[in-house]
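Here is a short tour of a protein model, written for someone new to reading structures. Have the sequence and the 3D view ready as you go.

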Amino acid sequence: MLDDIVKLLGPDADSLLGHVCRTIPKESLHLPGPDFVDRVFTPTDRSVPVLKSLAALFGTGRLAGTGYLSILPVDQGIEHSAGASFAPNPIYFDPENIVRLAIEAGCNAVASTLGVLGCVARKYAHKIPLMLKINHNELLSLPAIHDQTLFASVEQAWDMGATAVGATVYFGSPESRRQIQEISKAFRRAHELGMACVLWAYIRNPAFVKDGVDYHVAADLTGQANHLAATIEADIVKQKQPTVNGGYTAVGFGVTDKRVYTELTTDHPIDLTRYQVANCYMGRAGLINSGGAAGAQDFEEAVRTAVINKRAGGMGLISGRKAFQRPMAEGVRLLQAIQDVYLCQDVTVA
C-alpha cells in the first residue's frame with residue numbers, strides 16, 4: 001500500500017512523507033482514532049442521538065473504526081450546473097448512481113441535495129449515512145450572484161432518515177452575517193433532532209485576490225473560517241487545503257499576529273494545513289479537506305491531498321468531481337486510493 005502511495009506522490013514523496021512538523025506539535029491535537037466519538041464528543045453538549053449519528057458516520061465503509069472519513073459529495077448539479085457536472089458521465093443525472101458509487105467505493109457517507117437523496121432515501125438511508133446539503137449557490141440567476149440560499153429544511157433531512165446535515169457559509173462575503181445566523185439556527189435544530197452537522201467553511205470575496213494571488217486558499221483566512229465554523233458547533237469542517245498564507249497582511253484588513261507566520265506556520269503544505277486543524281479547536285471539530293476539481297492528474301492530486309490532510313492531523317477527504325466525472329469503476333478506484341492513505345499505518349501524523 002505504501003509503495004503505491006509513494007509512486008503516486010512522485011518527486012514530492014520524501015518531502016511529504018518525511019516531514020516533521022515543528023510549529024504546532026501533534027501532541028497538542030485531538031487526533032482522529034477509533035475512540036474519537038467517546039474521547040472528544042462525549043464530554044460535549046451533543047445529545048445521545050447526535051453521538052449515535054456520529055458513530056454511524058465513523059462506523060461505515062472501508063474506514064469504519066479508524067476515526068477517519070471518506071465522503072462523496074455531489075451537490076455540483078446546483079453549484080456548477082447539472083450539465084457542467086454530469087456531461088462527462090451522464091449516468092450521474094440519475095441520483096441512484098450517485099449513492100451506488102458511494103456504497104461501492106466504501107465511503108462513510110454520501111452528501112447531496114434534497115432532490116437527489118429524497119429520490120432514493122427509502123432504499124438507501126439504512127445502508128449508508130445520508131448527509132443532506134441544505135443550502136446552495138445556484139448559477140441560473142442572471143446576473144450571477146454569489147450567495148448561499150436555503151433549499152431544504154432540517155426537518156426534511158430528519159424525515160428522510162439523514163444522519164447529518166451539511167451547509168455552506170461564504171465567510172468574508174457581504175452576505176456572510178445572514179448565512180451565519182441561518183446556519184447556526186439550522187445546526188441547533190439538527191442537533192436537537194439528533195443529526196450531525198458539517199460546515200463547508202468557504203472564503204468568498206473578490207478582494208481576497210490581491211496582486212494576482214488568490215488568498216481564498218490562504219492558511220490564515222481559511223483557518224479563521226474554520227474557527228468560526230467550530231464556533232457555531234459544526235461537528236466536522238470542510239475546507240479547501242491551503243496553498244498560500246498571509247491573506248490578512250496582503251489584503252490589509254482584520255486582525256492577526258506576526259507569530260501566525262513566524263512560529264505557527266511555514267510554507268510547507270503540511271504545516272499550513274496543521275494551522276487549519278488548530279483552528280478547528282485543535283481537532284475537536286474534525287477537518288476534512290475538499291478534493292478539488294477534476295483533471296488529468298486526479299489520482300496523484302487526490303492522494304497528495306489525503307497525505308497532507310492525514311499528516312497534518314486532519315480527519316479525511318470529501319471528494320466528488322474527481323470520482324463521478326469518470327466511469328464508475330474508475331471512480332471507485334480513485335475513492336479507494338484516497339481511503340488507502342488513511343488505512344496505511346506507514347503514513348503517520350507529522
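## A buried glutamine

Gln148 is buried, with a relative accessible area of 1%; buried means under 20% on this scale, exposed over 50%, and partly exposed in between, using a 1.4 Å probe and protein chains only. You will find Gln148 in the loop between β4 (135-136) and β5 (149-150). Strands (E, at least two residues) and helices (H or I, at least four) are DSSP runs, numbered from the N terminus.

This is a predicted model, in which local features need pLDDT of at least 70 and side-chain atom pairs count only at pLDDT 80 or more, while totals for chains, interfaces and linings use all residues. Residues are numbered from 1 along each chain as its sequence is written, and side-chain values use heavy atoms, leaving out hydrogens and water.

## Partners of Gln148

The side chain of Gln148 makes polar contacts with the side chains of Tyr170 (3.1 Å) and Glu79 (3.4 Å). A polar contact is a pair of N or O atoms within 3.5 Å; within protein, one must be able to donate a hydrogen and the other to accept it, and residues adjacent in sequence count only if both atoms are side-chain atoms.

## A covered strand

Now look at strand β11 (residues 286-290), where five of five residues are buried. Gly286, Ile288 and Ser290 lie on one side, with Leu287 and Asn289 on the other.

Four bridges join β10 (residues 236-239) to β11, and these strands run parallel; strands pair if DSSP finds at least two bridges between them. Here Lys238 stands opposite Ile288.
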